[in-house]
Structure formats: structure tokens, C-alpha cells
Amino acid sequence: MAEQQEQAAPDAMMTRIGQVVMLHHGGDREEARGRFLDLWGEIGEGGDPLHRCTLAHYLADTQDDPADELAWDLRALSAAEELTDGDVAERHRSLAARAFYPSLHLNLAADYVKLGRSEAARSHLRRARGTAGALGNDRYGDGVRAAIGRLELRLDGADPSHGGPGEDPGAVEGPGTVERPGPFGGSGGETLGPPRQRP
């Protein structure tokens, strides 16, 4: 019985995170931020790395200050670095931890663009491109690769019209709980989530 409850707990938390993601996508950003922070308080700094990665990834998108967004995206990356493919596959068979990195690095690159730190942005963009081979040939993978390309063009100055003030230059999808293309999805199978913001 205790073993069954242990196995259900991660899915229960992912479901709760996914519910708040839906609230955020419904337009209630402030409420979503508050609920995400409550969940972060429950999970804690030393909690399950998949939960921390997922929650920090989405919490970043609710921040008003680009520096705060960066801090949450860095937390997401740090938590992802604690994961192994086995940790993820244990709960979601179609996923691999390495498939998290293109999205995480792309979002960090976009954060650094917003902060005017182009060298740091380029560094994370190279990492996003370098890990993109882990993405499936599906809608999600295509979206991440396209977003990497758009941000590369923007940083090279070839696409100055892309991304006005306040527009996230490279935000992509993030983890959650429903079956639709999400950032940490496999090749058309079960995914971890609804879009973080814009592909």
C-alpha cells in the first residue's frame, strides 16, 4: 500500500502543476504565480528533481522581472541536471532526461537576450542546438528547432523585426501533465505537458 502511494505521489504533483499551468494559460497569471509558489513551498529545494524542474520551468514564465525569470529557468536547469533517463522513464516511458535540455537552454538564451547579455544568450543557444538531436521528429521537436533558428537569426541581426518589446524571443513549451505536444515530450507519445508559453 505504501509503495503504491509512493508511486502515485509524483503523478499527483505533476497533475497539480498541470492544473496551475492551465490556469496560467487561461490568463490568470498572478493567481498562477501564487499557486506555483505554494507548490514550490511544498516541494522544497531538495524535493523531487522532476517536480522542481517542471515547476521552475513554468514559474519562470509568470515572472514580471527578466532577472527573476532567469533565476527560475536556472533552477529548472539545475534540477534537470540531477535527473537521469531512468528517473524520467520510471514515470513516463516515452521520455528521456536529455530531451529536456534543448528547451531549457533555449529559454535561458531568451532570458539572456532580454537582459542584454548576448554572449551568455549565444552560449545557451549553442547548447540548445547541440542537444536538439534528442528531440523527436514531431510537432514539439519541430517547434523547438524552429524557435532555436529564430533566436539564432535574431542574435545574428538577420531578423530585427522578430520580437518587439516585451515579447519573449525564444519561449517554448514546458512540462506538465496532459497529452499534447510539450517540451519534454517523446515522439508523439505521452508528454509531460502543455505549452509553457509560445512555441
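Leaving aside its neighbours within four places in sequence, which residues is Ile17 in contact with? Select Ile17 and you will find Phe36, Leu39, Ile43, His51, Thr54, Leu55 and Tyr58, where contact means heavy atoms within 4.5 Å.

Before you go on, note that this is a predicted model, with local features needing pLDDT of at least 70, side-chain atom pairs counting only at pLDDT 80 or more, and totals for chains, interfaces and linings using all residues. Residues are numbered from 1 along each chain as its sequence is written, and side-chain values use heavy atoms, leaving out hydrogens and water.

Next, select Ile17, Phe36, Leu55, Leu106 and Leu151: these have the most contacts inside the largest nonpolar core, which has 45 residues. Such a core is a set of buried Ala, Val, Leu, Ile, Met, Phe, Trp, Tyr and Cys residues joined through side-chain atoms within 4.5 Å; buried means under 20% relative accessible area (1.4 Å probe, protein chains only). Among the elements giving it two or more residues are helix 1 (2–25), helix 6 (101–114) and helix 8 (139–155). Helix 6 supplies the largest share, eight residues. Helices here are DSSP runs (H or I, at least four residues), numbered from the N terminus.

Now colour helix 3. Here 12 of its 12 residues are buried, among them His51, Arg52 and His57. At the start of this helix, look for a side-chain oxygen of Asp48 within 2.7 Å of the backbone nitrogen of Leu50.

Last stop: His124, in helix 7. His124 counts as buried because its relative accessibility is 8%. Not counting residues up to four places away in sequence, His124 touches Leu77, His105, Leu108, Ala109 and Tyr112.

Technical notes
Buried means under 20% relative accessible area, exposed over 50%, partly exposed in between (1.4 Å probe, protein chains only). A polar contact is a pair of N or O atoms within 3.5 Å; within protein, one must be able to donate a hydrogen and the other to accept it, and residues adjacent in sequence count only if both atoms are side-chain atoms.
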